Amino acid sequence: MKNIVLLFMLMLLSCNSKKENLIRQKESINIIQTIIDQKGIEIVKDLSTESELPICLNLKKILVNNKCFVETKTNDKIRSIKLPEKTFTNEGEVCIEKIYKSNPIENIFFLKNDSLDILNQNETFKTFKIPKSIVGKFKTIEQTKNNKIAEKYIQFSIPIFSTDSTKAYIEFDHYSNNDSSYGNSIFVEKRNGKWNIKYVEANWSI
């Protein structure tokens, strides 16, 4: 009897997890569409040439590291920021301290009880592609057998959600000329059924 109950509980947890992933996939699309609608022209513009960069439909995966501060403190070394590699299926990393202590949000955005769920999202959907329909009039590019990388494009990450899925952290990388490429971190919040950009923070630049 105990085995049956345990099996039932495992099945229930699995179903809930799949349902949550589907909800977050849908919300990921909504978040990116919101950012494109609000900042599309700004983020796709190559300032050096005034041309429009294509939006990569493949999202990069961000892994959350909860030991960045510990490693830096114990090793007593300066932690260098590794610039993202140019691949459409790029996998990045973010320190959990950055998510919690990003100024001026500090500790009022993500809550401490979000931390376990944030870390668990390292194991959730690792590849994801947004539908072309949400980018509107903007150019797009994606990974194919013949097109694995481009010199100039912008790419969003798979969002990292709060436990209640009403707040999220997302990154976008802007690859233009080598001296003007950069990446930003974006904090978004859902209010009254709509996602809004709460804060944008510089993440890396060349």
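Before I start: buried means under 20% relative accessible area, and exposed means over 50%. I also keep in mind that this is a predicted model.

Entry one, Glu-27. I found Glu-27 in helix 1, which spans residues 2-44. Is Glu-27 buried or exposed? Its relative accessibility is 10%, so I put Glu-27 down as buried, the cut-off being under 20%. Then I looked up what Glu-27 touches: leaving out residues up to four places away in sequence, I got Phe-161, Lys-190 and Trp-195.

Entry two, ring pairs. I got ten aromatic pairs in the structure. I looked at Phe-109 and Phe-110: the ring centres are 5.1 Å apart and the planes sit at 80°, so I logged the pair as edge-to-face. Phe-109 is buried at 2% relative accessibility, and Phe-110 is buried at 2% as well.

Phe-125 has a relative accessible area of 14%, so I filed it as buried. Phe-128 comes out at 14% relative accessibility and is buried too.

Which residues do ring pairs link into a cluster? I noted Phe-109, Phe-110, Tyr-169, Phe-187 and Tyr-199. I also checked for a charge at the Phe-109 ring: the charged end of Lys-167 sits over it, 5.4 Å from the ring centre.

Terms used: Residues are numbered from 1 along each chain as its sequence is written. This is a predicted model: local features need pLDDT of at least 70, side-chain atom pairs count only at pLDDT 80 or more; totals for chains, interfaces and linings use all residues. Side-chain values use heavy atoms; hydrogens and water are left out. Helices (H or I, at least four residues) and strands (E, at least two) are DSSP runs, numbered from the N terminus. Buried means under 20% relative accessible area, exposed over 50%, partly exposed in between (1.4 Å probe, protein chains only). Contact means heavy atoms within 4.5 Å. Rings of Phe, Tyr and Trp (its six-membered ring) pair if their centres lie within 6.5 Å; planes under 30 degrees apart count as stacked, over 60 as edge-to-face and the rest as tilted. A charge sits over a ring if NZ of Lys or CZ of Arg is within 6 Å of the ring centre and within 35 degrees of the ring normal.
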